[in-house]
Amino acid sequence: MTIQWFPGHMAKARREITEKLKMIDVVIELVDARIPLASRNPMIDEIVSSKPRLILLNKADMADDQKTNEWKHYFQSLGHKALPIDSQTGKGVKAIPGAARELMSDKIDRMIEKGMKPRAVRALILGIPNVGKSTLINRLAGKKIAKTGDRPGITKKQQWIKVGDEMDLLDTPGILWPKFEDQQTGYKLAATGAIKDEILDFQDISVFVLKFLSIHYPDRLMDRYKLESIPEDVVELFDEIGKKRGFLMSGGWIDYDKTAETVLRELRSGKLGDVTLETPER
Ligand code: G4P
């Protein structure tokens with residue numbers, strides 16, 4: 001479900017998360033490994049600055065492994081812990097409680113010094129809609145936990161989910177709004193299905209994707225659409241792909257809508273291989 005975020009929603013989401021932060025030790029920020037910056041909330045650093053943070057590059061199964069590794073190092077260079085995961089199959093998920101606990105090791109040491117018995121680390125999952133928060137919570141819980149819906153303000157009673165002996169997780173994630181800052185970010189969010197296609201022009205999203213793939217993954221495009229080379233002009237590229245797939249309208253014109261829709265569907269379903277649409281800034 002994608003909702004429209006108004007200033008009132010944003011203020012409310014922020015307030016609710018600030019309230020939850022009082023109960024927790026570590027923030028688990030979920031991002032999409034294919035777009036690790038575009039899928040971050042623009043104010044996340046400000047909102048959760050007081051807590052240590054574990055950044056999970058989710059949907060790593062659909063991202064380019066080499067780029068995911070670069071992103072992991074990028075986030076670590078910012079002082080966070082970072083792990084690639086695939087919540088759908090559970091790959092990488094077992095490492096989460098240990099990583100969260102490491103982030104709290106100073107606090108645990110202090111507890112031990114004071115003669116207290118160290119307790120499980122209390123964590124909260126945060127992220128924009130569709131990034132995989134519910135899938136991850138279910139995976140960590142080992143069962144299906146009721147979803148609240150991607151609407152700030154719809155609350156249920158908070159409960160803790162025990163994840164082994166090391167971690168207690170709040171069963172309701174913090175939902176934050178995505179970036180609405182620039183068109184490129186919008187295209188990346190739309191290309192990965194994080195926001196609905198109708199919000200932006202369908203063909204424009206596809207133009208963005210085709211331009212990106214032409215530069216970063218030309219072989220994939222050539223393989224998938226049986227092209228001998230990649231035309232420099234994106235309109236010609238549309239023509240080539242449309243022709244190869246037989247997407248013709250009367251008069252022999254290429255059906256650009258169908259071509260655009262096919263490229264996006266094939267990107268999202270992984271038919272164009274594992275693709276990452278952003279590279280860390282150096
Ligand atoms: P949210 O709570 O953050 O809003 O996200 P949610 O868990 O609902 O996940 C959004 C979509 O992303 C779901 O697909 C889910 O299956 C998929 N997903 C979550 N984590 C991963 C992952 O690590 N890898 C892959 N490949 N997909 C992931 P959907 O099509 O919307 O729903 P469904 O058909 O799976 O039920």
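**Briefing: charged side chains in a predicted model**

Glutamate 266 counts as buried, at 5% relative accessibility (buried means under 20% relative accessible area, exposed over 50%, and partly exposed in between, with a 1.4 Å probe and protein chains only). This is a predicted model, in which local features need pLDDT of at least 70 and side-chain atom pairs count only at pLDDT 80 or more, while totals for chains, interfaces and linings use all residues. Residues are numbered from 1 along each chain as its sequence is written, and side-chain values use heavy atoms, with hydrogens and water left out.

**Salt bridges**

- Glutamate 266 meets arginine 245 in a salt bridge at 2.9 Å, N to O, the term being used for a side-chain nitrogen of Lys or Arg within 4 Å of a carboxyl oxygen of Asp or Glu.
- This pair links distant parts of the chain, with arginine 245 in helix α10 and glutamate 266 in helix α11, 21 residues apart; helices here are DSSP runs (H or I, at least four residues), numbered from the N terminus.
- Arginine 245 is partly exposed, with a relative accessible area of 28%.
- Lysine 188 and glutamate 278 also meet in a salt bridge (3.0 Å, N to O), and both of these residues are buried.
- By this rule the count comes to 14 salt bridges, and Glu29, Arg40, Asp45 and Arg53 are linked in a network of them.

**Burial across the chain**

- Of the 282 residues of the protein chain, 49% count as buried.
- Glutamate 236, found in helix α10 (residues 234–245), counts as partly exposed at 44% relative accessibility.

Conventions. Helix = DSSP H or I, 4+ residues; strand = E, 2+ residues; numbered from the N terminus.
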